[in-house]
Amino acid sequence: MAPTTTTTPIGYAWRTLSVVSLASVLTGLGGSAINVALPEIARHTGADATAAGWILLGFQLTTTVLMVVFGRLADLFGRRRMYLVGLATYTVAALLAGLAPNAWVIVAMRVVQAIGAAMLLTNSAALVSDAFPRERLGEGMGVYVASFSIAGLIGPTLGGVLAESLGWRWVFWFNVPIGVVCFVWGAIVLRRPAPAQREGGLDAAGSALVLLTLGGLLVALSEFTRLGWEHPLVLGGLAAFVVGLPLFVIRESRAAHPVVDMNLFRERAFAFGTLASFLNAVARMGMVFLVALYFQAVKGDDPVQAGVKVLPLAIAAMIASVVSGFLQRLMSARTLAVAGAATTTCGLVVMLSVMSTDIPYPAVATGLVLIGLGSGVFLPSNTTAILDGLPSNRLGIVNAMRLMVQNTGNVVGTGLVLSIITAPLPAELHEEVFAGTLSQLSGGAVEQLVTGYQWALGSMAAISVLTVFACLARRKAT
């Protein structure tokens, strides 16, 4: 039998972390590179505003609805196997996306990539939490979260350079060699689980209800501002949620091995921790995309220039993530989560206060640094507070529940900002926004887009304030 968490050698823990962090860099690079390169992809594939939006949303929707299913499967069949299958799926889909003849094929391949990413993300924090001893978990989680910041640091510039110099297809193809390296290293390092560590039973009906209920809600939330509440797709999504939710709750309360352990939400600390995770995701999601798009659509910058200008956020987040792990030796993870959420709020307020058609870049950089510092402290601290102390055979599903809620926030946040920033503009100009060519039109259109940015940032700042309150409520509950 493999060693328990308390006796696991620290060397194996750090090797496991290297596998997880490398895969996290892979998936993070893919997302952050596309955020900057999206206007270039849209121009060369003839993508309209709907297709361009779904290149982002399709990935997030698919990842979110599959989280808890893969979390349960990982606990049942082993995290190592799930992780390696996820790496292979993600890498092959990246290769095929680069061969896509049009935008909608890219959307389809991004959905396949999302299936692989869901397998990876569901298992990443669980692998780290299972490998590290309790007293060192904060350090491991800090480095793990910092790996996403490294991807955020490199990705925007990389995406801009690849799209500008080699063409948009390389925004997908660069994932392939990294994915192969990740797969080989993971196969070497990750231990095969002992059969006795698996507990069993797969709730197929509950899994199907998760897909129906959460998928319907997310599709409706993503599309209602573009299509309107009366559109059949939006109404169908809402109907699936309204009908599916009570059926899901009834099913999970009776299932021998539920997909979602509803009892966890009765613990106020867990409930407020996941609520804070959701609100934080809504508040900060899309910030890199928003700023990169601002410099292209408003200022007329090329993708490389825009990518460089969002680097302060990733640098700050990377530093803060690593430091937060060591800070957890001095103060509780819950206290650090409050501080991180408050710092993110300050950064959003700074961005809102300076938003105009001619923002001085130092002001933008200040806001980005604050948001990066806040996110870098909040994410590992909040994750540690939720996962610390859980038995190994429940880490997969609990982490999946955390990620499901967080990714739901990502989807809601992305759909929210995409809808709000274009709301003041006529519908015929929406494609010019996503293509990054709005600055070539009249100044009035640019002013309208800036108004949309002000509305979006104001909404994000208000939601970030609620994150702080949720963190404080969680601390009082414990």
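I will cover helix packing, then salt bridges, then a few contacts and a surface patch.

What you see is a predicted model, so local features need pLDDT of at least 70, side-chain atom pairs count only at pLDDT 80 or more, and totals for chains, interfaces and linings use all residues. Residues are numbered from 1 along each chain as its sequence is written, and side-chain values use heavy atoms, with hydrogens and water left out.

Helix packing to begin with. Two packed helices are described by the angle between their axes and the distance between the axes. Helices here are DSSP runs of H or I with at least four residues, numbered from the N terminus. Axes are lines fitted to C-alpha atoms, for helices over the stretch in contact, and angles run from 0 to 180 degrees between N-to-C directions. Angles under 35 degrees count as roughly parallel, over 145 as roughly antiparallel, 65 to 115 as roughly perpendicular, and the rest as oblique. A crossing is left-handed if the near helix is turned anticlockwise from the far one by less than a right angle, and right-handed if clockwise.

Take helix H3, residues 79–98, and helix H4, residues 103–131: their axes come within 8 Å and cross at roughly 150°. That angle makes H3 roughly antiparallel to H4. The crossing of H3 past H4 is left-handed.

Helix H4 also packs with helix H2, residues 49–77, at an angle of about 30° and with the axes 7 Å apart. That makes H2 roughly parallel to H4, and H2 passes H4 in a right-handed crossing. For a residue pair, consider Ala108, which is in helix H4. The C-alpha atoms of Ala108 and Ile55 are separated by 8.5 Å, and the two residues are 53 apart along the chain. Ala108 is partly exposed, with a relative accessible area of 35%. On that scale, buried means under 20% relative accessible area, exposed over 50%, and partly exposed in between, with a 1.4 Å probe and protein chains only.

Now salt bridges. Side chains of opposite charge can pair when their charged atoms come close. The criterion is a side-chain nitrogen of Lys or Arg within 4 Å of a carboxyl oxygen of Asp or Glu. How many salt bridges does a search of the whole structure find? The search finds three.

One is Glu40 with Arg43, with the closest N and O atoms 2.5 Å apart. Both residues lie in helix H1, three residues apart, about one turn of the helix. Glu40 counts as buried at 9% relative accessibility, while Arg43 counts as partly exposed at 38%.

Another joins the side chains of Lys299 and Asp358, at 3.1 Å from N to O. This pair links distant parts of the chain, 59 residues apart: Lys299 is in the loop between helix H11 (287–297) and helix H12 (303–309), and Asp358 is in the loop between H14 and H15. Lys299 is partly exposed, at 32% relative accessible area; Asp358 counts as exposed, at 55%.

Lys309 and Asp301 also meet in a salt bridge, at 2.7 Å from N to O. Here Lys309 counts as partly exposed at 25% relative accessibility, and Asp301 as buried at 13%.

Two more contacts. Ser24, in helix H1 (residues 10–45), counts as buried at 2% relative accessibility. Its C-alpha atom is separated by 9.5 Å from that of Ser149, 125 residues apart along the chain. Met351, in helix H14 (residues 333–354), is buried, with a relative accessible area of 3%. Met351 and Gln454 are 103 residues apart in sequence and 8.8 Å apart in space, C-alpha to C-alpha.

Last, the surface. Val180, Phe183, Val184, Trp185 and Ile188 form a nonpolar patch with about 440 Å² of accessible area together. Patches are made of residues with over 30% relative accessible area and no salt bridge; like charges are joined within 9 Å, and nonpolar side chains (Val, Leu, Ile, Met, Phe, Trp, Tyr) within 5 Å. Accessible areas come from the Shrake-Rupley method with a 1.4 Å probe, and for residues only the protein chains shown count as cover.

Notes:
Helix = DSSP H or I, 4+ residues; strand = E, 2+ residues; numbered from the N terminus.
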